[in-house]
Amino acid sequence: VDIGRLSGLKGISISGNSATIGALTTHAMVAAAQGLPAGLTEAAGMIGDPQVRNRGTVGGNLAHADPASDLPTVLVALGATINLVGPSGNRSVAAGDFFIDLFFTALGEDELVASVDVPLDSAGSAYAKLFNPASRYAIVGACAKVSVANGGCSASYVAVVGVTAKATAAPSVGAALVGKALTAENIAAAAAQVANDLGDDVMGDIHASADYRRAMAPVYVERALSKAASRAG
């Protein structure tokens with residue numbers, strides 16, 4: 001069944017402090033969009049190759065929930081909401097609650113992803129990843145969202161991908177950075193706290209061992225935080 005011509009599920013609209021992205025919106029459309037958080041457009045532009053970005057859709061990406069996929073992690077860090085539709089009606093699920101385990105989500109068997117709501121504010125965001133050179137999937141990736149007030153970090157949200165079985169929030173990183181000046185030293189120290197959020201089930205495979213992924217996680221969290229901080233305000 002090809003749902004690609006259902007125009008009501010495609011497109012990006014911005015209203016007030018929120019952007020709604022239809023499930024059939026392609027990665028290329030997100031990457032080229034104006035007004036979306038920089039971390040989101042950045043991540044969409046890193047997905048696969050041009051063929052994948054022009055055919056792959058936001059809804060398909062989220063429903064598949066590959067542990068090495070970019071968008072789930074970005075939406076968790078940005079505090080997005082995923083809107084679902086089924087015969088029992090519509091419901092919305094926070095991105096942080098949508099991704100449950102390896103290829104497993106909160107999506108019911110009789111539901112489909114209809115759209116995603118992404119908050120818009122003055123926070124800076126960024127995405128950084130160590131990609132597989134063949135597939136462009138993330139071996140390790142990180143998205144950061146940083147808000148600035150009075151010369152310091154007032155809020156910070158981070159999530160990582162490729163390291164565990166699902167997009168994983170890293171609240172220890174934000175907690176270590178809030179209230180501090182966004183210096184290189186403080187950012188590096190906060191990024192190191194991601195180790196507290198990874199748990200014991202870090203993935204290892206033919207592309208990278210669990211130890212390597214664990215070692216690279218703070219490196220890419222630091223890169224995402226640094227770039228997000230430079231965009232904040």
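Modeller: L6 is found in the segment before β1 (12–15). Strands here are DSSP runs of E with at least two residues; helices are runs of H or I with at least four; both are numbered from the N terminus. The model is predicted, so local features need pLDDT of at least 70, side-chain atom pairs need 80 or more, and totals for chains, interfaces and linings use all residues. Residues are numbered from 1 along each chain as its sequence is written, and side-chain values use heavy atoms, without hydrogens or water.

L6 has 44% relative accessibility, so it counts as partly exposed. The classes are buried (under 20% relative accessible area), exposed (over 50%) and partly exposed in between, with a 1.4 Å probe and protein chains only. With V1 and I3, L6 makes a nonpolar surface patch of about 340 Å². Patch members have over 30% relative accessible area and no salt bridge; nonpolar side chains (Val, Leu, Ile, Met, Phe, Trp, Tyr) are joined within 5 Å, like charges within 9 Å. Areas come from the Shrake-Rupley method with a 1.4 Å probe; for residues, only the protein chains shown count as cover.

Now the whole chain. The protein has nine helices and eleven strands. Its accessible surface is about 10,600 Å², of which 52% belongs to carbon and sulfur atoms. Buried residues make up 48% of the 233 residues.

Helix α5 (residues 70–78) is the next stop. Nine of its nine residues are buried, so α5 is largely enclosed by the rest of the structure. Among them are D70, L71 and P72. G79 follows α5 and has a positive phi, near 75°.

D70 also carries a charge contact. K129 forms a salt bridge with D70, the closest N and O atoms being 3.2 Å apart. The rule asks for a side-chain nitrogen of Lys or Arg within 4 Å of a carboxyl oxygen of Asp or Glu. K129 lies in strand β8 and D70 in helix α5, so the pair ties together parts 59 residues apart in sequence. Both K129 and D70 are buried.

By this rule there are six salt bridges. Another joins R231 and E42, at 3.0 Å from N to O. R231 lies in helix α9 and E42 in helix α2 (residues 38–45), so this pair ties together parts 189 residues apart in sequence. R231 is partly exposed, with a relative accessible area of 34%. E42 is buried, at 16%. E111 and R91 also meet in a salt bridge, at 2.7 Å from N to O. E111 lies in the loop between β6 (104–105) and β7 (112–119) and R91 in strand β4 (residues 89–94), so their pair links parts 20 residues apart in sequence. Salt bridges that share partners join E42, K227 and R231 into one network.

N132 is found in the loop between β8 (124–131) and β9. N132 is buried, with a relative accessible area of 9%. Leaving aside neighbours within four places in sequence, N132 is in contact (heavy atoms within 4.5 Å) with Y137, I139 and H207.

Strand β9 (residues 138–149) holds S147. The C-alpha atoms of S147 and S122 are separated by 7.1 Å, although these residues are 25 apart along the chain.
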